[in-house]
Amino acid sequence: MSEKKTSRIIELNEDLIENNDRLAEQNKQFLKKKNVRAFDFVGAIGAGKTAIIESIVERIAKEYGILVINGDVATRIDADRIEKCGVATIQINTGKECALNSYHISQVLKNYDLHEVGILFIENVGNLICPSDFMLGTEKRIVIVSITEGPWVIRKHPMLFKYSDIAVINKIDLKDVMDVNIEDMIKDAKEINPNIKIFITSATTGENISKLINCILN
Ligand SMILES: Nc1nc2c(ncn2[C@@H]2O[C@H](COP(=O)(O)OP(=O)(O)OP(=O)(O)O)[C@@H](O)[C@H]2O)c(=O)[nH]1
Ligand SMILES: [Mg+2]
């Protein structure tokens with residue numbers, strides 16, 4: 001590829017990310033004005049993002065007005081699951097795109113009546129790579145992996161850990177059948193991001209979900 005063509009590709013990528021960042025900042029300011037606290041969950045396919053959000057929502061839905069946005073390439077399976085917990089949901093289907101971006105969120109903020117919403121949870125499309133470039137304008141980002149993804153999953157996907165505030169290592173109830181050293185996974189996350197808070201959870205048994213909620217909300 002010629003030098004000229006290569007540099008044009010880099011410019012396009014930078015424009016895309018810059019535009020996304022600008023809109024993410026606008027989302028953040030808008031949410032602040034509306035007194036809505038927003039948190040986004042990223043992580044691999046099947047790591048337990050929806051299951052963790054379900055566990056959280058079940059515990060706090062009586063206290064807060066909650067809206068959950070679920071991102072998926074197709075279907076509204078996740079939104080239907082969350083809706084059973086008695087909170088409002090919006091499913092965004094991205095079609096061919098592997099992550100939500102700040103434009104998707106801005107469209108919801110523009111069109112949804114946030115009057116009764118105090119907390120917004122956003123579940124991104126299952127992917128450990130694409131969401132790292134696209135911040136959404138939330139207060140905190142939570143990255144979720146599970147021990148069934150193998151011992152190297154964190155080390156192999158450093159960017160999401162670098163740009164998240166909280167890391168969740170989920171499916172701890174399966175530790176006896178998995179050959180995974182959880183201490184090593186924690187060490188990997190801390191090496192990438194020394195400030196990241198880490199929780200070892202099971203969405204199935206509820207282990208450490210209350211501690212995770214405290215960390216997210218405080
Ligand atoms: N044993 C066990 N299973 C879990 C746990 N968390 C989630 N699962 C199961 O793992 C599967 C995937 O969970 P989801 O919550 O759908 O995962 P997700 O990250 O939302 O998946 P996508 O939205 O498709 O990317 C489901 O069958 C869950 O019941 C856990 O802590 N322990
Ligand atoms: Mg899900």
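Biologist: How many helices and strands does the secondary structure of the protein chain come to?

Modeller: The model is a prediction, and local features are reported from pLDDT of at least 70. On that basis, the protein chain comes to eight helices and seven strands.

Biologist: What is the radius of gyration of the protein chain, and what does the globule rule give for 218 residues?

Modeller: The C-alpha trace spans about 55 × 45 × 30 Å along its principal axes. For 218 residues the globule rule gives 17 Å, and the computed value is close to this, so the chain is as compact as a globular protein of that length. The radius of gyration is 17 Å.

Biologist: Among contacts between residues at least 6 apart in sequence, what percentage join residues at least 24 apart?

Modeller: Buried residues make up 40% of the 218 residues in the protein chain. Of the contacts between residues at least 6 apart in sequence, the share that joins residues at least 24 apart is 75%.

Biologist: Which residues touch the most other members of the largest nonpolar core?

Modeller: This core holds 53 residues, and its largest share, five residues, comes from α2. V68 contacts I53, V57, I82, V87, T89, F121 and E123, leaving aside its neighbours within four places in sequence. The residues that touch the most other core members are V68, F121 and I122.

Biologist: Is strand β1 largely enclosed by the rest of the structure or exposed, and with which strands does it pair?

Modeller: Strand β1 covers residues 37–43, and six of its seven residues are buried, so the strand is largely enclosed by the rest of the structure. Five bridges join β1 in parallel to β4, residues 119–123, with F41 opposite E123. Five bridges also link β1, again in the parallel sense, to residues 140–146 of β5, where G43 faces I144.

Biologist: Which helix gives the most to the shell around ligand 1?

Modeller: The shell comprises 17 residues, the closest being G48, K49, T50, A51 and G126. By class, the shell divides into five nonpolar, eight polar and four charged residues. The helix that gives the most, with three residues, spans residues 49–60 and is α2.

Biologist: Phi of T75 is a positive value in a residue other than glycine; is T75 buried or exposed?

Modeller: T75 has phi near 75° and lies in the loop between β2 and α3. Because T75 has 11 C-beta neighbours inside 10 Å, it counts as exposed.

Biologist: Phi of K171 is likewise a positive value in a residue other than glycine; is K171 buried or exposed?

Modeller: K171 has phi near 70° and is placed in the loop between β6 and α7. The cut-off for burial is 20 or more other C-beta atoms within 10 Å. K171 has 23 of them, so K171 is buried.

Note on methods. Residues are numbered from 1 along each chain as its sequence is written. Chains are lettered from A and ligands numbered from 1 in the order in which they are written. This is a predicted model: local features need pLDDT of at least 70, side-chain atom pairs count only at pLDDT 80 or more; totals for chains, interfaces and linings use all residues. A residue is near a molecule or strand if its C-beta atom, placed from the backbone, lies within 6 Å of it. Helices (H or I, at least four residues) and strands (E, at least two) are DSSP runs, numbered from the N terminus. Ala, Val, Leu, Ile, Met, Phe, Trp, Tyr, Cys and Pro count as nonpolar, Asp, Glu, Lys and Arg as charged, and the others, Gly among them, as polar. The radius of gyration is taken over C-alpha atoms; the globule rule is 2.2 Å times the number of residues to the power 0.38. A residue is buried if 20 or more other C-beta atoms lie within 10 Å of its own, exposed if 12 or fewer, and partly exposed in between; C-beta atoms are placed from the backbone. Two residues are in contact if their C-beta atoms, placed from the backbone, lie within 7 Å. A nonpolar core is a set of buried Ala, Val, Leu, Ile, Met, Phe, Trp, Tyr and Cys residues joined through C-beta atoms within 7 Å. Two strands pair if DSSP finds at least two bridges between them.
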